[in-house]
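Subject: Structure for you to look at

Hi,

Here is the structure I promised to pass on. Please open it next to this email, and then read on for what turned up.

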Amino acid sequence: MEFFFLSLLLIIFFLFSLSLHLLYFNKNSSVLPGTLPPGKTGWPFIGETLEFLSTGWKGHPEKFIFDRMSKYSSSVFRTHLLLENSAVFCGASGNKFLFSNENKLVQVWWPDSINKIFPSSVDQNTKTTSINEQGIRMRRLLPNFFKPEALQRYVGIMDSIAQRHFESFWEKKSQVQVYPLAKSYTFWLACRLFVSIEDPKHVAKFAKPFDVLAAGLISIPINLPGTSYNRSIKASNLIRKELLMIIKQRKVDLCEGKASATQDILSHMLLTSDENGKFMPDLDIACKILGLLVGGHDTASSACTSIVKYLAELPHVYQAVYNEQMEISKSKAAGELLTWDDLQKMKYSWNVVCEVLRLAPPLQGAFREAIVDFIFNGFSIPKGWKLYWNSNTTHRNPEYFPEPLNFDPSRFEGSGPAPYTFVPFGGGPRMCPGKEYARLEILVFMHHIVKRFKWNKVIHDEKIIIDPMPVPAKGLPIKLYPHQLY
């Protein structure tokens, strides 16, 4: 019903959009010397957005880009996405250029619709806010929490929660749906390590508005009652109110010695000042925690689900992972938790994860904005244009990965892929600060599922939808076959 309503709105405003599009395009035409990248702007107003999104919904997000790379014989082409004049940068050279010129020629960009779901506080002096500046400040803060030496203390907590998760939701089950359970696992971890919410009932209650929020992130941004976008904004407001109450109580607990500075990322944020000695306002902390909770479990749950899928399809890979994990498991005393050193021994398992991330990257790509006019590969890129990079332009490109559709973990042995070709976590200053955190939670998940079960897919050819991350259309139901001993 919602899709019909939105389609009707598009038809009603088509003629208006046509005139608006022409005015907008003329206003934003390049005044740079040289030639714009090859390409076309597509339909009035909406440009090529629907085709861009629909290839992902059909399970082939790379098609939109590869078709145009072939058509224009170019590593950069222009288009019109999300109501913006855009250019798509392809291949390792495109990745290198964008990642190396962060905050020099380009900066991170999000559509205004996303900013309404994740609002930032307003500077009371200027009455404005710079999302880019806040992002830079956040990235200075996070590495102190996500660096390996800091994360080492949380491996045991991850292992303990994983044990409880598998005992509660997997054991004594003959069939399960992987994706919802993977989301439950990663969200439980995020709640514990970010805000010290550990009780399963509290976690489950907290998860409901997050599911509503996530469903509206890539919906058509029409803020009318009943739409996914409207529900997402309401869910975001609800979650922030809950987080503000948690923050208020945490401040009291820290003052009274009932909470520690190292127990989670919330304490870390409350007690860490910037270079000017200023502390982050409560609302900003709530917004940042909200973003971390979304980003900290959605991408990892997609990766965990894809790992289960590939291990079901490739028994020889499963067996090699099983052998590695059981060697670690047998070295542990009864009740002994996994340690940082144990995870460093999971070398083959991590190579498997990397190959999964190459073929099914949770982060398909991201946008930048040109902050000055510049030339790339002989083409003019005007200031204000939105620039998109996509991991599939290297991950599925035979120039960088021979026989790219074959599953081959050995690609990551030794020095691994060439720079700027394997980019599941982005690159440059904007590389995902939670990369190491993701590695730990994924390896702990692999350890527990492999040492407990073998499994088969219930739906042999289940469709994978990119919306915006790879998700099995039916949640990946599998039949479980428990090992006798583990």
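First, a term: two residues are in contact when heavy atoms of theirs lie within 4.5 Å. Please also keep in mind that this is a predicted model.

With that in hand, take N351. It is in helix α18, residues 347-359. Leaving aside neighbours within four places in sequence, N351 is in contact with P409, F412 and E413. Is N351 buried or exposed? N351 counts as buried, because its relative accessibility is 13% and the cut-off for buried is under 20%.

Now the overall picture. The protein chain has 486 residues, and 52% of them count as buried. Its secondary structure comes to 20 helices and twelve strands.

Next, the aromatics. The structure holds 25 aromatic pairs. One of them is F97 with F376. Their ring centres are 4.8 Å apart and their planes stand at 55°, so this pair is tilted.

Two charged side chains sit over rings. The charged end of K309 is over the ring of Y310, 4.1 Å from the ring centre. R439 lies over the face of W340, at 5.8 Å from the ring centre.

Last, one annotated position. Which residue does UniProt mark as a "binding site"? The record, an unreviewed entry, places that feature at C432. C432 lies in the loop between α19 (392-395) and α20 (435-452). Why does C432 count as partly exposed? Its relative accessible area is 33%, and partly exposed covers values between the 20% limit for buried and the 50% limit for exposed.

That is the handover.

Best wishes

Key:
Residues are numbered from 1 along each chain as its sequence is written. This is a predicted model: local features need pLDDT of at least 70, side-chain atom pairs count only at pLDDT 80 or more; totals for chains, interfaces and linings use all residues. Side-chain values use heavy atoms; hydrogens and water are left out. UniProt positions are given in the numbering used here, feature names are shortened, and annotations may be inferred rather than shown by experiment. Helices (H or I, at least four residues) and strands (E, at least two) are DSSP runs, numbered from the N terminus. Buried means under 20% relative accessible area, exposed over 50%, partly exposed in between (1.4 Å probe, protein chains only). Rings of Phe, Tyr and Trp (its six-membered ring) pair if their centres lie within 6.5 Å; planes under 30 degrees apart count as stacked, over 60 as edge-to-face and the rest as tilted. A charge sits over a ring if NZ of Lys or CZ of Arg is within 6 Å of the ring centre and within 35 degrees of the ring normal.
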